[in-house]
Amino acid sequence: MRLNEDVALLGQLAALVPYRALHVARYHQWMKSEELLKLTASEPLTLEQEYQMQRSWWEDNDKCTFIVLDKARWMSGSCTEEDCMVGDVNLFLTDSEDLSMAEIEIMIAEPGYRGKGFGKEVTMMMMYYGVTRLQITKFQAKINLENTISIAMFRNMHFEEVSISHVFQELTLLLMVDNCRKKCLLEQMNWVKEERYSEIKQRLEGDIQSAFVQQE
């Protein structure tokens, strides 16, 4: 989705940045994991197919994708952006006749970042973006039945069970965002900062160059 092609969302733990070609190699490595393929109901792709998918997600108006970064590491400028990658989060506008409905998917791919609050923060940040920028009022989550941690997280966020498929081993949950819930979400997430991704990258690159000059 080109709407978020230069958007960076800064949270407390995480930074969400647009999915660019520079992220594809690391993403491809993640998706070689049998566990992640199963939990995300994905099929293995070649590296070239991953690049094609990245371009498709950027061009398609019904897909909004962010890469999740470790904000502290990224903002420190001490490592490459690729090395700061933690996972990804997506909104899919699956119903062309109801653009207020979005399916939300989140993946914390790096095991060391699981169970540390990244998943909840990133999900809330994406919902905040969906509500404020895409006018989403209904969020749907489809989760593998074995992914009990994600199921518990969405239920704690007041998603309600809609259906269960034993054939696909999948649970579907739904959250309706009425005016009261929208107000609560905006109040909860008022610390999220939206900045231009390109400006942050330029600033970080300038900081790194300054640090090299000082060392010399």
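Start by selecting Gln 135, which is exposed (over 50% relative accessible area with a 1.4 Å probe, protein chains only), at a relative accessible area of 52%. You will find Gln 135 in the loop between H5 and strand E6 (138-144); helices (H or I, at least four residues) and strands (E, at least two) are DSSP runs, numbered from the N terminus. Its phi is near 60 degrees, a positive value in a residue other than glycine.

Before moving on, note that this is a predicted model, where local features need pLDDT of at least 70, side-chain atom pairs count only at pLDDT 80 or more, and totals for chains, interfaces and linings use all residues. Residues are numbered from 1 along each chain as its sequence is written, and side-chain values use heavy atoms, leaving out hydrogens and water.

Next, select His 158, in the loop between helix H6 (148-156) and strand E7 (160-165). His 158 is not a glycine, yet has a positive phi of about 75 degrees. Is His 158 buried or exposed? It is exposed, with a relative accessible area of 52%.

Now go to helix H3 (residues 47-59). Which residues of H3 are buried? Glu 50, Gln 54 and Trp 57 are, where buried means under 20% relative accessible area. Looking down the axis of H3, you see the buried residues within an arc of 70 degrees (taken from the directions from the helix axis to the C-beta atoms), so they line one face of the helix. Show helix H1 (24-30), strand E3 (63-70) and strand E4 (85-92) too: they are among what covers these buried residues, with contact meaning heavy atoms within 4.5 Å.

Key. Expected span 1.5 Å × (residues − 1).
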